[in-house]
Amino acid sequence: MRLVSLSEVLPGDPVTNQELADRFGAQEQWLDRMTGNRSRYFCRPDGPVGVPKSTGDLATAAGELALAAGAIDPGSLEFVILATASPDHLVPATVTLVAERLGLVGIPTFQLMSGCSGALQGLYTAQALLRSGLRRGLVIGADTCLSLWPTGKTDRRLTPADLLGWPLSGDGGGAAVVDADDTRPGLVVRHLFVRTTAKGRPPGQVVRWYGPDGAPYVTAPDGSTGLEPMGEQSLGAIERYVPGAAQEVLDELLTVTGWPLSSVENVLTPQLNGILSERIRGYLGVRREQSVPCVADTGDSGNALSLIQLHRAQQRVGSGIGYGGRLLVTAVEPAKWIVAGMALTHQAGLPR
């Protein structure tokens with residue numbers, strides 16, 4: 001499988017820590033210290049015309065940009081895959097609406113519900129479709145987070161978990177045009193895997209959906225009663241398990257390819273927040289010039305993150321910075337401890 005072209009979409013202007021601090025009654029320095037994130041992007045339903053306002057908008061824009069970057073005729077696509085944890089509706093599937101907006105009819109569409117590993121799950125599915133005889137397709141990752149957080153809270157009622165969640169999150173989209181012909185210019189996949197791990201280990205992150213009656217009331221460990229939170233995560237478990245899981249992914253990729261780590265020009269490590277991602281980079285022994293970070297500036301955009309990283313790696317290759325033929329991608333999804341990895345080689349003439 002060959003990645004012909006890539007794209008990324010971030011809605012509107014970046015939201016700084018100072019803006020979040022002013023909005024939620026926190027301290028900018030606390031947000032800096034706790035997350036290492038400097039900014040993130042949020043879709044706004046009341047935002048300017050032409051700026052993405054939903055997951056579907058982000059996915060459509062990312063698809064359009066990827067097609068334009070590779071000078072691809074939409075009519076040549078034979079499938080579309082969307083990985084997302086935040087579809088616009090339960091039914092119809094957001095991917096079908098995106099395909100229609102891209103002018104695609106008469107082809108299969110697939111929507112994968114996932115998190116941080118979703119982009120690689122989409123590429124894994126695409127690889128299987130291409131091996132079955134299809135020739136070209138579009139893989140998109142997109143997520144929005146604003147609609148997944150409780151509404152109606154005043155600033156003072158936001159909990160510490162809420163305050164920590166907002167600075168980590170962000171909205172974004174990314175896309176890749178994939179092709180079965182791996183002899184032409186692009187990024188050629190040499191090894192790709194996705195698998196679940198940590199059987200019996202509780203999820204590191206949970207996001208709940210509720211029906212028309214809303215969240216139920218639950219009793220907290222301290223005996224107080226309140227609405228069940230829509231999202232929660234175990235930062236302790238994430239900090240404890242993700243570095244080791246990332247190391248296992250990287251070791252497998254290096255073993256299968258036979259590449260020394262020092263010979264790989266671009267290494268895409270898990271992007272969870274600015275502090276933890278930098279810690280993982282050091283833990284893996286990846287040099288700063290090898291790494292392709294983004295989360296500190298984009299926020300955690302879930303299914304879009306790996307595609308955004310790949311797009312930035314592509315730009316580095318095309319500009320001559322970090323030029324070289326070898327790329328490694330590692331992803332760890334703490335929600336239920338899914339690990340994924342991909343090794344690629346660059347072939348000259350990659351569209352920019």
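Contact here means heavy atoms within 4.5 Å, and helices (H or I, at least four residues) and strands (E, at least two) are DSSP runs numbered from the N terminus. This is a predicted model, in which local features need pLDDT of at least 70, side-chain atom pairs count only at pLDDT 80 or more, and totals for chains, interfaces and linings use all residues. Residues are numbered from 1 along each chain as its sequence is written, and side-chain values use heavy atoms, with hydrogens and water left out.

**View 1. Nine strands make an open, mixed sheet.** Follow the order β5-β4-β6-β7-β1-β8-β15-β14-β13; two strands pair if DSSP finds at least two bridges between them. β5 (109-113) and β13 (266-268) stand at the edges with a single partner strand each, so one side of each has no neighbour in the sheet.

**View 2. Strands β6 and β7 pair in the antiparallel sense.** Eight bridges link residues 136-143 of β6 with residues 172-179 of β7. Look for Gly141, whose bridge partner in β7 is Gly174.

**View 3. Helices α7 and α8 cross at roughly 45°.** The axes of α7 (residues 235-257) and α8 (residues 274-284) come within 10 Å.

Key: Axes are lines fitted to C-alpha atoms, for helices over the stretch in contact, and angles run from 0 to 180 degrees between N-to-C directions.
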